[in-house]
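Student: Could you take me on a close look at one part of this model, and then show me how its surroundings are built? I would like the cut-offs along the way.

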Amino acid sequence: ITAAGAWTVQTSWDGDASHLGDSSDLIPLSVAPADAALSLDIVVSEAVKINSHTPIGGNFSPSPYCDTMNLSGTPIIIHATEPDGGPTHDLIATTNEYGQFLVDYDTALGGGAFAFNELGKWTLWAEYVATDNIAGVVTEPVTINVIPTAGYAIVVQGRVASGEGMPSLHKTATFVYDKLKDRQLLDDDIQYLSWLWHDGWDGDPSRTNIQDAITEWAPDKMNDQPGDLYIIMVDHGWTAPLDDDEGVFFIHPDDPITSTELAGWLDELQGSLAGEAANRNIIIILGFCRAAAFMDQVAGDNRVVIASADKDESSHRGPQDVDAEGQPLRDGEYFVSEFFKSVSYGKSIKDSFEEATLLTEAFTSTGSGVTNAPFYDDSVQHPLLDDTGDGIGANELSIDAGLDGHISNELFIGAS
């Protein structure tokens, strides 16, 4: 049966040499239009840069579906509504023989080009318009946040006096830099401060260079074109000799940066932001031993602070790996690298933290089964995240308002 509508069914037999043929009565049969399933797939779960062409596609399938069907040329409408209830644009895509479709930005508007050219949250949904034979179907709406920039980043690789671990830490810092580039950050929008050269290198991680990057370079960038700021610091860290609540980050030959100093620089940065820039988020990712000793002072409004280890824990290197020349070289900061692996797939900060934390705690498990308060497992490293600004941080996150994880569930690093 190839079409919906009113059919009649009759059986007949022509007979043979010994029997007369005969026919049954006509039986009416009403055939309803086939149902259909329609999906809208957008290769982005968070934000896209203005005027970018993020892939938009999906799949159309009538039900019941026959293997002999050829669905080529089936029209699908993707409705795209501008932010704040603005105009809706109808983009046209057509399916291939298997029902798959992909928007061609150059011809989507009836032969004309389309772009996400307005900042803010767009709403998209797909529709198949009913025909005589197949019922119409509409997808659930999907939101895309269009932003002016993928943001800005400061990547710092510190150093202790002995230089211990520098190649491994440089491996981590370089990995972070490359993943930020994958997330659409531009070279000019990243300050990469390291003792070892790499593409995009901007200088040594001296106290002056780090402070200037936070208090001068970052506000200039953010005020010119508002965007989030990501500060990533990897190296050796500890607590101050006479104060377990004061964190230190080593940048030999300069004196270590203390948590008090970093908090002051962040306050100066935010105090110099104006307009929309003042509402942007600052994400601080601290990858070193005792990193959570920074959390109480560094936390604040519009800040997400991630520490790779609690304030009495070491932060571990990754398993044995190789460098660009194939020589053995461990990753310098296991948690940070795993976090940015998830970031590179467009996952939220909350999801990236949770995945990296799960791997880190499994990697540092003693296997003893003896639990250690307050985490009640046998791991020796527990990352923490604070996005409420209370400076406490949590190892287990929540999407509930007022708890750590609620804000970072809606935040993403960079753009697709």
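Tutor: Happy to. Setting aside neighbours within four places in sequence, His382 is in contact (heavy atoms within 4.5 Å) with Ser308, Ala309, Asp310, Glu313, Glu361, Asn372, Phe375, Asp377 and Asn395. The model is predicted, with local features needing pLDDT of at least 70, side-chain atom pairs counting only at pLDDT 80 or more, and totals for chains, interfaces and linings using all residues. Numbering runs from 1 along each chain as its sequence is written, and side-chain values use heavy atoms, leaving out hydrogens and water.

His382 lies in the loop between helix 6 and strand 23 (384–386); helices (H or I, at least four residues) and strands (E, at least two) are DSSP runs numbered from the N terminus. Its relative accessible area is 0%, so His382 is buried (under 20%; exposed is over 50%, partly exposed in between; 1.4 Å probe, protein chains only). The side chain of His382 also makes a polar contact of 2.8 Å with that of Asp377; such a contact is an N or O pair within 3.5 Å, within protein one atom able to donate a hydrogen and the other to accept it, with sequence-adjacent residues counting only if both atoms are side-chain atoms.

Just after helix 5, Gly346 has a positive phi of about 80°.

The axes of helices 5 and 6 come within 8 Å and cross at roughly 140° (lines fitted to C-alpha atoms over the stretch in contact, with angles from 0 to 180 degrees between N-to-C directions). The pair is therefore oblique, since under 35 degrees counts as roughly parallel, over 145 as roughly antiparallel, 65 to 115 as roughly perpendicular and the rest as oblique. Helix 5 contributes Tyr334, Phe335, Glu338, Phe339, Ser342 and Val343 to the contact, while helix 6 contributes Ile349, Ser352, Phe353, Glu355, Ala356, Thr357, Leu359, Thr360 and Phe363. By class, these residues are 9 nonpolar, 4 polar and 2 charged (Ala, Val, Leu, Ile, Met, Phe, Trp, Tyr, Cys and Pro are nonpolar, Asp, Glu, Lys and Arg charged, the others, Gly among them, polar).

Leu180 is buried, at 1% relative accessible area. Beyond four places in sequence, Leu180 touches Ala153, Val155, Leu185, Ile190, Ile232, Phe340 and Ile413. By contrast, 31 Å separates the C-alpha atoms of Leu180 and Ala126, which are 54 residues apart along the chain.

Helix 2 (residues 207–224) and helix 3 (residues 259–271) have axes that come within 9 Å and cross at roughly 25°, so helix 2 is roughly parallel to helix 3. Here Arg207, Ile210, Gln211, Ile214, Thr215, Ala218, Pro219 and Met222 of helix 2 meet Glu261, Leu262, Trp265, Leu266, Glu268 and Leu269 of helix 3. That contact has 9 nonpolar, 2 polar and 3 charged residues.

Lastly, Ala108 sits in the loop between strand 10 (100–102) and strand 11 (120–128). Ala108 is buried at 0% relative accessibility and, beyond four places in sequence, touches Asp90, Leu91, Ile92, Val103 and Phe114.
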